[in-house]
Amino acid sequence: IARRLCVPQNILTILEGEGLVNDATALILFSFAVAAVTTGGVSIIGAVETFAVIVVAEILWGFVVGWALLRLRSWSKNTEVEMILALLTPFEAFWPPHFLGGSGVLAAVTTGLYVSWNGPRLISPATRLQGFFVWGLAVYVIEGIVFFLTGLQTRLVVESPDADEWSRRLTAAALTIVAVIAVRFVWVF
């Protein structure tokens, strides 16, 4: 919607980043909730401290990866090498924090925001133009794989439950949707 309304690119980047940061922090908090359920409880002070460490560390890591890979791309002066580095950037940002117990998503989002904000100064126009096609193709392939995998799981979801199980699942889904909408309204207002 914002693109169709011709919102300036800087504001569009901030809005997209805000949505991604919300998703990343929600994933971190979700991992805490899962840990609390599986262990039977959680220390609020410990969770807040861990959350703060994860958020700060992932943001710092995201800036480091974005800065380093933009400089490396600028230094290479080769469009193909730059595209390979661009495709590897989100993985470099995501995997180390993920393996260390964070989510990795916040680091990848930070890297993406840093690269999108500073990239035009350091990435050649030819590489940026080629990047539109490469990233468009990558998104298309990933979306196709996600829908394919979802389709593979649908048969299992539909076959297994009886009528009682269906009503329980639908009730759980409805409660989840209501909770998400209510939390979003509370958060916005």
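Predicted model: local features only at pLDDT ≥ 70, side-chain atom pairs only at ≥ 80, totals over all residues.
## Helices α2 and α4

Helix α2 spans residues 44-76 and helix α4 spans residues 105-122. Their axes come within 7 Å and cross at roughly 35°. The crossing in which α2 passes α4 is right-handed. In the contact of α2 with α4, 13 residues are nonpolar, seven are polar and three are charged.

K77 is located in the loop between α2 and α3. Its phi angle is near 55°, which is a positive value in a residue other than glycine. K77 counts as exposed because its relative accessibility is 69%, and the cut-off for this class is over 50%.

## P90 in helix α3

Helix α3 covers residues 79-99 and includes P90. The relative accessible area of P90 is 32%, so this residue is partly exposed. Along the chain, P90 and R168 are 78 residues apart, and their C-alpha atoms are separated by 38 Å.

L152 counts as partly exposed because its relative accessibility is 44%, a class that lies between the buried limit of under 20% and the exposed limit of over 50%.

Notes: Residues numbered from 1 in each chain as written. Heavy atoms only, no water. Axes fitted to C-alpha atoms, helices over the stretch in contact; angles between N-to-C directions. Helix = DSSP H or I, 4+ residues; strand = E, 2+ residues; numbered from the N terminus. Left-handed = near helix turned anticlockwise from the far one by under 90°. Nonpolar A, V, L, I, M, F, W, Y, C, P; charged D, E, K, R; others polar. Buried < 20%, exposed > 50% of the residue type's maximum accessible area, 1.4 Å probe, protein only.
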